[in-house]
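Trainee: Hi, could you walk me through this one? I'd like to start with whatever the record annotates.

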Amino acid sequence: MDEIANRVLALKDELVADRRFFHSHPETGWFTFFTTAVIAKRMRNLGYEVKLGREVVVPEARLGLGSKQQCEEAIKRARTLLNADEAKFLDAMEDGLTGLVATIDTGRKGKCIAYRFDIDCVDVTECGEDSHRPTKEGFSSDKPGCMHACGHDGHITMGLALAKLIKENLNDLNGKFKFIFQTAEEGTRGAVAMEKAGVLKGVDYLFGGHIGFQSTEPRALICGTKKLLATTKFDVKLTGRSAHAAGAPQEGANALLAAAQMALNMHGITRNSKGVTRINVGVLRAGEGRNVIAPNGYLACETRGETTELNEFMFNACKDIVDGVCKIYGVSSEITITGGTAGGDSSEEVTQIYYDAALASPFIDDDKIKRESDFSACEDFAHFMHAVQNSGGKSGYLMIGTSLKAGHHNAKFDFDEDSLMAGVDVFLRCAYALNSNI
């Protein structure tokens with residue numbers, strides 16, 4: 001092993017402990033108060049300049065916010081978990097302005113390199129069986145209905161370890177390093193509000209990635225990700241008119257039938273020959289009683305497209321369906337966008353940097369390195385990536401190989417913790433590839 005690998009290997013126990021710590025205290029979306037505060041304290045202790053709250057999030061640009069009650073409960077829970085020094089960071093987060101950006105400058109001319117790590121969990125109740133390692137070994141979720149079932153606990157861990165190694169070896173490096181710990185990645189709700197706050201200003205290279213997905217073997221790496229799908233998440237609220245279902249059905253306006261008709265027609269949208277498109281109505285609720293014409297309806301929907309234009313094609317078709325069905329059934333509608341991100345492809349230069357780093361890493365087998373693969377799903381990182389590329393910078397997204405006990409967003413999700421070392425090692429080598437002064 002070379003010196004970089006030895007530095008990473010020395011952090012193995014710390015990596016495992018951190019991952020399990022964050023796994024046991026999950027938080028969703030804009031309510032990552034505890035997680036943000038812990039990261040902020042750790043990064044400040046390392047010597048990074050830490051910004052959070054309104055400095056890194058535009059409040060009005062947030063999507064998919066929860067209720068005031070949920071926010072208050074999340075803050076209260078965070079206070080019970082944080083020590084006094086960590087809790088000091090809560091005030092800046094206000095009503096959910098969570099996530100943070102930490103920067104360190106070598107004082108020497110060089111590239112501005114940014115790394116993005118997502119920090120939120122998903123709405124999944126973790127498996128309580130002894131066959132599930134987090135349960136058996138005592139680090140499962142302490143919050144029912146919330147679980148790090150996508151690997152973001154590992155992403156936080158890699159970000160903190162990478163930040164530590166960059167700080168400890170700052171004399172070897174040039175330029176500036178920026179760490180973006182992003183909340184509300186699930187549902188693609190957070191990147192837009194952070195990007196609008198200017199967190200990418202001056203960034204030359206943006207690196208990001210994910211544990212697992214298409215890379216499902218230990219000691220493997222997919223270096224370049226293509227076809228990150230654009231998406232729009234939206235809710236449709238329908239208002240009809242109640243009436244007696246037998247005595248005066250003609251006086252009602254049936255929001256239940258309208259909602260059902262919308263769902264069927266959305267799933268029947270003609271696909272586009274220019275690329276991949278997706279539509280899903282994941283939730284449909286309507287009605288108040290068996291003998292009442294339904295006065296209300298609700299649909300939770302999402303569209304996806306291989307490009308931003310293809311996603312817009314799908315979303316516009318959905319809006320047309322809502323408008324048309326409303327006229328037919330005499331109901332009114334309100335569409336609320338709750339999340340969304342652009343599509344995109346990794347920059348070829350960044351793919352090559354990842355590839356060279358993987359070849360040099362002893363934590364990755366050469367025969368398990370894949371140069372590129374289609375993602376065929378959505379990731380909020382794509383909005384950041386698109387913004388950096390449009391500003392003349394380079395950005396890319398990798399997938400770190402790991403064995404999975406169950407798929408992402410599954411109650412039994414768990415990953416091989418050795419993959420944490422592989423990720424830190426590759427990201428650190430990227431820093432040296434672009435900003436080494438030795």
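Trainee: Which residues does UniProt list for "binding site" here?

Mentor: The unreviewed UniProt entry lists C150, H152, E186, H210 and H409. Positions are in the numbering used here, feature names are shortened, and annotations may be inferred rather than shown by experiment. This is a predicted model: local features need pLDDT of at least 70, side-chain atom pairs count only at pLDDT 80 or more, and totals for chains, interfaces and linings use all residues. Residues are numbered from 1 along each chain as its sequence is written, and side-chain values use heavy atoms, leaving out hydrogens and water.

Trainee: OK, H152 next. Is H152 buried or exposed?

Mentor: H152 is buried, at a relative accessible area of 1% (buried is under 20%, exposed over 50%, partly exposed in between, with a 1.4 Å probe and protein chains only).

Trainee: What does H152 touch?

Mentor: Leaving aside residues up to four places away in sequence, H152 touches D118, I119, D120, E185, E186 and H210; contact means heavy atoms within 4.5 Å.

Trainee: And how about H210, buried or exposed?

Mentor: H210 is buried too, with a relative accessible area of 1%. Its contacts, again not counting residues up to four places away in sequence, include C150, H152, Y397 and H408. The backbone oxygen of C150 lies 3.5 Å from a polar atom of the H210 side chain.

Definitions and conventions:
Polar contact = N/O pair within 3.5 Å; in protein donor to acceptor, adjacent residues only side chain to side chain.
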